[in-house]
Amino acid sequence: MVVSVSEMMDDAPEVSVSGFNLSVSSIKVTEAIKKENSLVFVVGAQEFPSKKQHFVDRKFEDFEWLQQCLLMPDGIPGLQGIIFPPLPAKPCAFQSNTQEKMIKQLGLLGLDDDWKTYCMALEMYLQLVVSHTTLGKNQVLRSFFTQTQGPGGQAGRKGILNRLSQALEEIKKENHQDVDEFFRNERASNSSLVRLTKATTERLIAVVRTQQNIALACGHFSTTLHLGVGPDEDPAAKTFSKLSLKLSEIIIIVKKNFECVAENNLNILGLGLDLVSRYEESEKEMLFRRTCKLVELEQNSKNLEKAKPAKKANMEEIKKASEKEFRHISDIARLEIQKLHRVRVEVFQQCLTSWCEKQLHAARETSSILSQHLRAFKQLDSTE
Amino acid sequence: PGASMAASSQRGLAPSAGAADHGQHPGAPGDDSDEGEDIFTYAVSSTLVLLRVHSHFFTVLNFFIFSDSTVEVSLDSPRNNRRNFTSLPPASAVATSKNGREALEWEEDEDKFELNIGVTNPEKVGLSLTVAVFAQTTLPIFKNRMFTVKRRFSDFLGLYQKLSLKHSQNGYIVPPPPEKSILGMTKVKVGKEDQSSAEFVERRRAALERYLQRLVSYPYILQDPDLQEFLEKDELPRAVSTQALSGPGFKKMINRATDAVNKITVKKDKSHAWFEEKLLEMDNEDQQLKRLHAAVDSLVMHRKELSANTGVFAKSLALLGSLEDSTALSRALVQLAEVEDRMEQLQQEQATRDFYTFAELLADYIRLLAAVRGCFDQRVKAWQRWQDSQNILQKKRENEARLLWSSKPDKLQQAKDEIAEWEARVNHYGKDFERISATVRKEVLRFEREKARDYKAHIIKYLESLLQSQQQVVKYWEAFLPEAKSIA
């Protein structure tokens with residue numbers, strides 16, 4: 001795993017959930033199996049300290065269920081201030097899967113035919129959830145990781161995460177002026193970052209796709225070169241055939257290089273960018289929730305002022321409650337935002353370092369293979 | 001003496017056998033006679049008198065000798081120190097050759113030959129493209145050591161016409177010039193100053209340069225005064241009727257050649273079989289070249305796409321970096337953007353240079369192959385002439401026989417005269433056919449060797465530049481790594 005979540009979080013790597021502790025680094029989503037018409041993911045985790053292993057099959061619906069459950073508990077003050085670890089988009093149905101569709105649905109994660117990248121994203125999601133101070137304590141995690149039967153498929157209540165509609169009202173709320181400068185700035189910068197990171201990710205997708213296409217074209221070129229090679233009698237034709245085969249070998253090297261570079265781009269840089277991008281969207285959601293609360297608060301205040309004496313006490317209660325809630329949310333949000341900023345930097349650091357190392361390695365390897373071929377070719381040249 | 005040699009070889013007649021053997025140097029003054037006897041003449045004649053080579057190398061001062069020239073020698077020549085000779089293809093071909101000679105061909109060291117040609121300064125003059133052709137040479141056939149002339153595109157076409165007229169009928173390959181491109185030229189004419197028209201102009205220039213360089217590597221062309229005039233003369237009269245020299249014209253040649261060869265059904269001996277096989281091989285080769293060309297073209301296109309996409313991605317990264325609060329991260333992102341950009345430029349340059357020129361090389365060979373198949377066509381024509389003359393001779397003989405039984409003694413004498421005349425003609429055309437067959441065969445082999453050589457040189461160059469750019473990429477990543485690690 002390229003981006004090590006447990007290194008990033010300063011929370012304890014093993015989280016205590018009243019008797020059920022999981023070792024964050026042991027959480028794995030190893031593969032995606034196509035069963036009937038859907039994808040099943042194999043999720044593994046190890047308990048701490050008992051070292052008991054769990055392996056369960058989970059469908060995407062189960063992940064969705066988990067996400068919604070995390071939002072449910074009302075007992076936790078300021079839950080809405082949490083920036084929830086982002087879940088990847090739902091994988092689309094199989095039959096008509098073209099790369100275009102996959103990319104449209106899943107973004108960068110759709111570039112990998114083998115679902116390897118997608119699994120890695122799911123894995124990171126689980127690790128992030130489990131290592132979160134608050135979320136990691138949720139009881140549902142136990143059933144998610146241990147129950148054989150997938151919990152999903154239950155009629156999930158639409159959690160607070162989901163936008164119900166793109167009503168004009170919502171947009172107005174989104175732009176609602178903030179009372180706090182910290183949040184004002186954060187909302188502005190988040191808004192630009194969301195756009196920009198998304199754009200960057202999309203452009204990376206274009207780059208990776210083209211690299212994949214070049215690898216394919218190299219393969220095609222190499223095959224075509226082989227076509228021209230047949231049993232030859234006269235020396236010039238023989239030489240020509242030999243040369244064609246040599247060139248074909250070189251083209252295969254080029255092809256492998258492109259494949260490797262594209263894979264690194266996808267699974268390291270891409271995954272990191274994708275995570276950061278989705279996290280920023282998640283932050284956006286959180287900020288929106290807070291803004292909604294702010295609007296509600298201001299509304300309640302107005303109502304209080306306008307209230308008739310009989311209702312005043314009631315209104316006062318309501319206003320006080322929403323004020324308290326708003327404060328909680330803001331407090332939590334502040335912490336979460338600061339954490340997110342740190343996480344962003346760390347994700348980039350790990351991801352860029354690892355990516356650079358891998359690309360460097362690939363370049364060195366290719367260099368050395370090419371150099372061998374050149375030497376051999378020149379020797380061949382002089383003996384002819 | 002030099003000039004007359006050139007002229008005589010063009011006419012395809014032998015210099016007298018005597019000249020060949022008497023140590024005559026047809027070359028220029030300044031001959032290096034210390035080198036020992038360099039005697040040979042390039043002889044193509046009906047008597048097929050060949051030469052004996054004594055020396056242990058050819059000096060380039062003898063102006064018949066050029067790099068990659070092919071020379072025929074008799075079997076009894078001393079074989080010491082010859083380089084790179086290749087043997088004939090089917091041995092059966094030798095048996096049927098009337099003189100029982102075996103052609104051994106070999107090539108010169110390239111560095112003994114000094115004629116460097118370049119095509120530069122493409123510019124629009126009036127409605128056409130003009131280029132400057134410069135040459136630098138030590139060959140004595142030229143008046144100066146270095147000279148430059150201005151030529152129009154139509155001049156190149158005109159040159160081809162003249163050369164083709166003279167040499168094709170003898171079975172020689174005459175390399176075809178770059179194709180006319182209506183689309184490309186229109187853009188240039190209209191004065192469109194964009195990327196694609198600039199590319200077109202550069203491609204044209206490069207194609208013309210390759211064309212000339214190939215021309216001068218063919219010995220019978222280098223000797224040709226039309227070529228020399230093309231290179232040296234200040235002003236050339238405008239070439240006319242060059243419309244026919246377009247792509248489709250060559251394609252027609254191919255079809256004719258294939259059909260025509262099938263007509264030679266009578267002489268089904270082994271030497272003819274060689275030609276049939278070769279023609280078939282060339283059909284396959286033509287298809288293969290076209291397939292390769294398409295594959296390379298598609299690679300070039302993808303490469304261009306990658307370049308554009310990476311550029312856009314790099315810009316995004318730079319923007320992201322500028323928004324970032326953390327200074328280390330910001331710096332890293334901005335630097336990454338730069339690295340991506342520079343790496344991409346590097347790889348794009350390399351890929352363009354090589355794949356693109358590879359595509360051009362393939363295109364050249366597709367056209368050249370068509371010219372080679374044109375040679376086959378010429379051979380068939382020669383055969384036809386020979387057949388026709390034989391038929392006429394037959395008729396004349398029948399006529400004579402009839403006259404013998406009639407009472408027209410004066411007509412008889414005339415008939416006898418005509419028979420004699422046609423016998424000579426049959427003989428002549430027969431020898432012509434042999435000669436042209438031999439030339440075509442030689443030309444084909446030379447072409448194949450040339451192709452293998454070009455191909456090999458190109459592959460090595462490609463490999464070298466791939467390696468170089470990959471090593472550069474390593475450097476870029478090595479430079480970026482500490483920057484990435486220091487993000488905190």
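In this predicted model, E450(B) and R214(B) form a salt bridge, with their closest N and O atoms 2.5 Å apart. A salt bridge here is a side-chain nitrogen of Lys or Arg within 4 Å of a carboxyl oxygen of Asp or Glu. E450(B) sits in helix α12 (residues 409-485) of chain B and R214(B) in helix α6 (residues 195-216) of chain B, so the pair ties together parts that are 236 residues apart in sequence. Helices (H or I, at least four residues) and strands (E, at least two) are DSSP runs, numbered from the N terminus.

**How to read the model**

- Residues are numbered from 1 along each chain as its sequence is written, while chains are lettered from A and ligands numbered from 1 in the order in which they are written.
- Because the model is predicted, local features need pLDDT of at least 70, side-chain atom pairs count only at pLDDT 80 or more, and totals for chains, interfaces and linings use all residues; side-chain values use heavy atoms, with hydrogens and water left out.

**Salt bridges and their surroundings**

- Over all chains, the structure holds 46 salt bridges.
- Are the two partners of the opening pair buried or exposed? E450(B) is buried, with a relative accessible area of 6%, and R214(B) is buried as well, at 12%.
- Buried means under 20% relative accessible area, exposed means over 50%, and partly exposed lies in between (1.4 Å probe, protein chains only).
- E483(B) and R331(B) also meet through their side chains in a salt bridge, at 2.9 Å from N to O. This pair links distant parts of the chain, with E483(B) in helix α12 of chain B and R331(B) in helix α11 (residues 327-404) of chain B, 152 residues apart.
- E483(B) counts as buried at 17% relative accessibility, whereas R331(B) counts as partly exposed at 47%.
- Some salt bridges share partners, and these join R203(B), R210(B), E360(B), D364(B) and R367(B) into one network.
- E229(B) and K233(B) form another salt bridge, the closest N and O atoms being 3.9 Å apart. Here E229(B) is partly exposed at 29% relative accessibility, and K233(B) is partly exposed at 39%.

- The size of an interface is often given as the accessible area lost when the parts come together.
- Between chain A and chain B the buried area is about 5400 Å², and carbon and sulfur atoms give 78% of that. Buried area is the accessible area (1.4 Å probe) that two parts lose on being put together, summed over both.
- Chain A brings 60 residues to the contact and chain B brings 55 residues, where contact means heavy atoms within 4.5 Å.
- How many salt bridges cross the interface of chain A and chain B? The rule finds four, and one salt bridge between the chains joins K485(B) to E357(A), with the closest N and O atoms 3.8 Å apart.
- Nine residue pairs are in polar contact between chain A and chain B, both residues being at pLDDT 80 or more. A polar contact is a pair of N or O atoms within 3.5 Å; within protein, one must be able to donate a hydrogen and the other to accept it, and residues adjacent in sequence count only if both atoms are side-chain atoms.
- On the side of chain A that touches chain B, the elements giving two or more residues are α7 (181-227), α8 (235-306) and α9 (309-383) of chain A. Of these, α9(A) gives the most, with 23 residues.
- T200(A) lies in helix α7 of chain A and is buried, with a relative accessible area of 0%. Leaving aside neighbours within four places in sequence, T200(A) is in contact with L273(A), F313(B), S316(B), L317(B) and L320(B).

**Chain A as a whole**

- Chain A has nine helices and five strands, and 51% of its 384 residues count as buried.
- Of the contacts in chain A with a separation of 6 or more, 73% come from residues 24 or more positions apart.
- K246(A), in helix α8 of chain A, counts as buried at 17% relative accessibility. Leaving aside neighbours within four places in sequence, K246(A) is in contact with H373(A), F377(A) and L380(A).
- W115(A) lies in the loop between α3 (99-106) and α4 (116-131) of chain A. Its phi is near 65°, a positive value in a residue other than glycine, and W115(A) is buried at 4% relative accessible area.
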